[in-house]
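Work through the exercises below with the sequence and the structure at hand. Each task is followed by a solution in steps.

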Amino acid sequence: MPVARADAQTAATDTQERYEGEEGDPKGAGAPSRVGRLAATVERLRREVRTAHAEADGRALIELAKGILVERLGCGPSQAARQLAELTEQAGVTPLEFAVDVINQAARDRLSDVTTALLASPADHGDTTDPPGRDSFAVRLRTAESGALAAHDAQAVADSLLEHALTPLGAEAVAIWALGADGSLTLAGSAGFPAAEAARWRYVPPGVVTVARRGLGERTGQWIGSLSETGLPSIGRHHHPDGGRVAVPAGTGGRIHGVLEIVWPTPLGAQPPQIVRQIEALAELCAHTLETCSPPRPDADTRTWPRPDLTELMDLADGLHDPALVLVPHLDVTGDLADFRIHHVNTHFLDPAGRPRGAVNGALLLEAYPMAAGESELFEQIERVYATGEPFRARRMRLTALVDDVPLAAVADMSVSRHGGSVLLVWRMEDETARLANLLQHAQRLGRIGGFEENLRTGEITWNGQLYSLYGKPSVSGPVPLEELPAHAHPDDAVVIGRFLRTLLHQRRPASAAFRLQRPDGVTRHIRVVAEPVLDSDGRLFVVRGAYQDISAHHWTEVALAATRDQLAHSEQQASERNRLTLQLQHAIMPPAQAPLEAPGLRVAVRYRPAETQHLVGGDWYDAVVLPSGLVLLCVGDVAGHGIEAATSMVVLRNALRGLAVTGAGPGQLLSWLNMVAHHLTGSVTATAVCGLYDPDRHTLRWARAGHLPPVLVRAGEAAPLPLIKGLLLGAVPEATYEEQEVQLAVDDTLLMYTDGLIERRDRSVEESLAQLLLAARTVSPTLDQQLDRLLTYSKSDTDDDTCIVGVRVT
């Protein structure tokens with residue numbers, strides 16, 4: 001007995017005992033009450049009904065097994081019944097289980113393959129409700145199949161599938177959707193959902209994306225671990241928002257009739273292949289029902305699916321003025337769609353290879369047009385139309401036929417539609433002559449070309465419409481003879497036109513000329529005319545034909561391009577001179593390499609790397625000099641911007657700071673004075689800087705910063721930036737105060753002062769770039785120069801900016 005029925009029986013028995021103990025014997029005497037007897041009677045009738053249902057479900061399978069034995073053993077029904085009973089007793093199983101085994105051995109269909117795979121698999125598929133024999137897998141599937149085949153509608157199929165096959169898998173509800181010809185979905189049957197929920201989802205219009213519609217897009221269906229992760233609407237989404245969903249297309253013979261959607265109450269993990277094939281087999285059962293039964297409409301309970309007579313479809317094809325084929329599905333021995341047979345060819349049939357109707361009518365589609373399987377995916381589109389019912393239309397598809405192994409192709413507009421169980425294929429062949437004429441007309445319009453032909457003997461002149469447009473004349477005014485061409489041209493072009501006419505008419509050779517056409521509306525157009533003479537059999541000239549082309553746009557483009565070239569050359573010369581002067585100024589003040597600075601107990605090295613792109617010459621600067629007081633001035637800075645302005649501003653600030661430093665003021669005061677210098681410069685220059693004064697006697701460094709990154713101290717294999725003290729960038733305000741800090745240095749300490757060109761990257765923050773610099777600075781090289789060179793070599797900056805580094809090592 002299935003678990004659901006057993007649970008119901010146990011619950012009813014508990015109810016009966018509670019009534020008998022509480023109400024039937026209020027005094028504790030134990031005598032049954034009337035209510036208790038009534039409950040017991042109801043439960044006994046329910047058990048009988050369940051037993052009758054179970055026997056009815058199994059009786060059809062047992063009778064089918066008897067029929068198989070009659071056919072295999074050549075005996076009568078009574079002998080088959082006795083043989084079935086004896087074999088059942090010998091096998092030690094129930095008659096129903098043995099009958100299912102006989103059916104599986106005889107059928108060898110999808111259900112039997114699924115059963116074999118499940119029984120052969122040692123893994124547990126989540127079914128803990130069956131007895132240890134596990135033959136109940138086959139019983140469940142065959143019982144569900146029997147119920148589906150005997151059902152009169154999809155609702156009964158849904159009930160049977162949920163009860164016999166899906167509940168043991170942990171599923172809680174099932175929905176069977178019927179696919180309409182317009183792409184809509186109709187709820188043909190459901191089980192496990194509240195009645196109100198099923199009523200709300202009776203119909204899904206075309207184009208609405210649901211879980212069931214997603215299931216139509218793939219052969220294996222849509223497997224969703226949790227509905228809440230997708231956000232897709234579907235039946236029962238409020239009752240099972242986090243449950244798993246499976247939507248599998250239900251089709252037979254290559255045609256999809258609907259979708260089987262299954263609901264689990266909890267998230268669904270990856271399922272083994274045996275369970276996947278089981279659900280696909282159940283979807284095939286649903287397809288059989290949807291194919292033979294009528295689906296409910298949104299406004300009615302049932303209706304009959306129309307199956308149009310092929311005669312009507314053939315009449316429809318004959319009424320079309322384009323070639324049309326009526327295709328019917330051709331199935332292989334396994335029942336799968338293999339091809340389409342051409343059932344009818346209409347009277348307007350036009351074959352690319354020129355074959356008559358009789359050579360194609362009755363043949364398989366891939367035999368008549370084998371290239372359809374590859375070119376433009378035509379056969380695949382026909383399969384899709386037959387499966388889903390959605391029509392397909394395309395322009396300019398290739399249709400190729402093979403005649404004596406020679407491919408003959410044509411280009412046609414295709415239209416494919418399904419009508420009942422057949423497919424109508426219509427194509428419209430292109431008229432090559434009309435297409436080429438239309439193409440030539442558009443080419444003349446786009447190229448602003450007008451053609452002409454002039455008969456010199458009869459005086460007849462032919463112009464096309466585009467030539468009248470070029471001349472600015474209405475077509476009723478008549479064409480202009482070649483001899484009158486000078487009267488319509490600019491007077492300065494008379495010599496050019498005269499030479500053109502002499503070459504063409506007198507020397508009888510092809511000729512061309514460019515002139516200015518003066519139209520009646522006062523507009524002057526630049527025209528190029530090309531013509532050739534046509535001679536008769538006696539060698540005499542009798543026809544001239546040629547073409548005019550409006551080249552005004554090309555002419556003015558050339559004029560503008562020439563002016564642009566001159567202006568660009570002048571601008572390039574100015575820019576090159578400007579960059580050359582800027583580089584000379586920058587390299588004069590800031591040479592890329594400088595000799596090390598020697599100071600007592602201190603070694604100083606500097607590196608400057610200019611930008612790789614010359615037009616990005618910047619305002620980075622550095623300085624390292626021993627002051628008259630014995631202190632060592634160390635500084636780096638970066639002026640905002642690029643070009644000559646940044647370079648000249650850099651020179652001003654660097655020289656100003658060096659001059660201010662001889663006053664003996666501290667670094668904070670020096671930056672305050674330098675801020676006033678920057679603020680009052682022309683253009684309000686802004687810059688960042690770090691300024692330090694090193695005392696060789698005390699091994700101390702007093703330093704201040706103006707919007708610049710703090711120096712990095714490398715000590716004992718560790719690198720860390722100095723504290724970020726306050727200091728506004730230079731030139732932002734007229735007056736500013738800068739905080740100072742003093743750092744005690746030890747022997748072998750290395751101090752690095754640098755500009756942002758060393759670390760700045762477009763794809764990372766300053767913090768990430770600084771962390772990479774600290775990692776690289778931990779490796780201390782034997783000499784200070786080697787360490788600075790190494791930092792420049794392994795710098796990951798990608799902004800192509802100037803870079804300055806000042807390195808200080810205490811000795």
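**Exercise 1: a sheet and its helices**

Strand S1 (residues 173-179) and strand S6 (residues 255-263) are antiparallel partners, joined over six bridges. The model is a predicted one.

Task: Find which residue stands opposite alanine 173, and which helices pack on the sheet touching S1 and S6.

Solution. 
- Step 1. Opposite alanine 173 stands valine 263 in S6.
- Step 2. Helix H7 (residues 154-166) packs on the sheet and touches S1, strand S2 (185-191) and S6. The direction of H7 makes about 45° with that of S2.
- Step 3. Helix H15 (residues 378-388) also packs on the sheet, where it touches S1 and S6. Its direction is at about 60° to that of S6.

Task: Give the order of the strands in this open sheet and name the edge strands.

Solution. 
- Step 1. The six strands follow the order S3-S2-S1-S6-S5-S4, with antiparallel pairing.
- Step 2. Strand S3 (203-204) and strand S4 (222-224) are the edge strands, since each pairs on one side only.

**Exercise 2: strand S22 and its partners**

Task: Determine whether strand S22 (residues 700-706) is mostly covered or mostly open, and with which strands S22 pairs.

Solution. 
- Step 1. Of the seven residues of S22, six are buried, and the strand is mostly covered.
- Step 2. Strand S21 (residues 687-695) runs antiparallel to S22, and six bridges join the two. Aspartate 695 has threonine 700 in S22 as its bridge partner.
- Step 3. The hairpin of S21 and S22 has four residues between the strands. In this hairpin, histidine 699 takes a positive phi near 55°.
- Step 4. S22 also pairs with strand S25 (residues 741-744), in the antiparallel sense and over four bridges. Here arginine 702 stands opposite glutamate 742 in S25.

**Exercise 3: cysteines**

Solution. 
- Step 1. Cysteine 691 is buried, with a relative accessible area of 0%. Cysteine 286 is buried as well, at 1%.

**Exercise 4: aromatic pairs**

Task: State how many aromatic pairs the structure holds, and describe the pair of phenylalanine 340 and tyrosine 386.

Solution. 
- Step 1. The structure holds eight aromatic pairs.
- Step 2. Phenylalanine 340 and tyrosine 386 are 5.6 Å apart centre to centre, with 80° between the planes, and the pair is edge-to-face.
- Step 3. This pair links distant parts of the chain, 46 residues apart: phenylalanine 340 lies in strand S8 (residues 337-345) and tyrosine 386 in helix H15.
- Step 4. Phenylalanine 340 counts as buried because its relative accessibility is 0%. Tyrosine 386 counts as buried at 7%.

Task: Describe the pair of tyrosine 471 and tyrosine 548, and name the aromatic cluster that holds them.

Solution. 
- Step 1. This pair is edge-to-face too, with 5.6 Å centre to centre and 85° between the planes.
- Step 2. Tyrosine 471 belongs to helix H17 (residues 465-471) and tyrosine 548 to strand S16 (residues 541-550), 77 residues apart.
- Step 3. Both tyrosine 471 and tyrosine 548 are buried.
- Step 4. The cluster is formed by Phe452, Trp463, Tyr468, Tyr471 and Tyr548.

Key
Residues are numbered from 1 along each chain as its sequence is written. This is a predicted model: local features need pLDDT of at least 70, side-chain atom pairs count only at pLDDT 80 or more; totals for chains, interfaces and linings use all residues. Side-chain values use heavy atoms; hydrogens and water are left out. Two strands pair if DSSP finds at least two bridges between them. Contact means heavy atoms within 4.5 Å. Axes are lines fitted to C-alpha atoms, for helices over the stretch in contact, and angles run from 0 to 180 degrees between N-to-C directions. Buried means under 20% relative accessible area, exposed over 50%, partly exposed in between (1.4 Å probe, protein chains only). Rings of Phe, Tyr and Trp (its six-membered ring) pair if their centres lie within 6.5 Å; planes under 30 degrees apart count as stacked, over 60 as edge-to-face and the rest as tilted.
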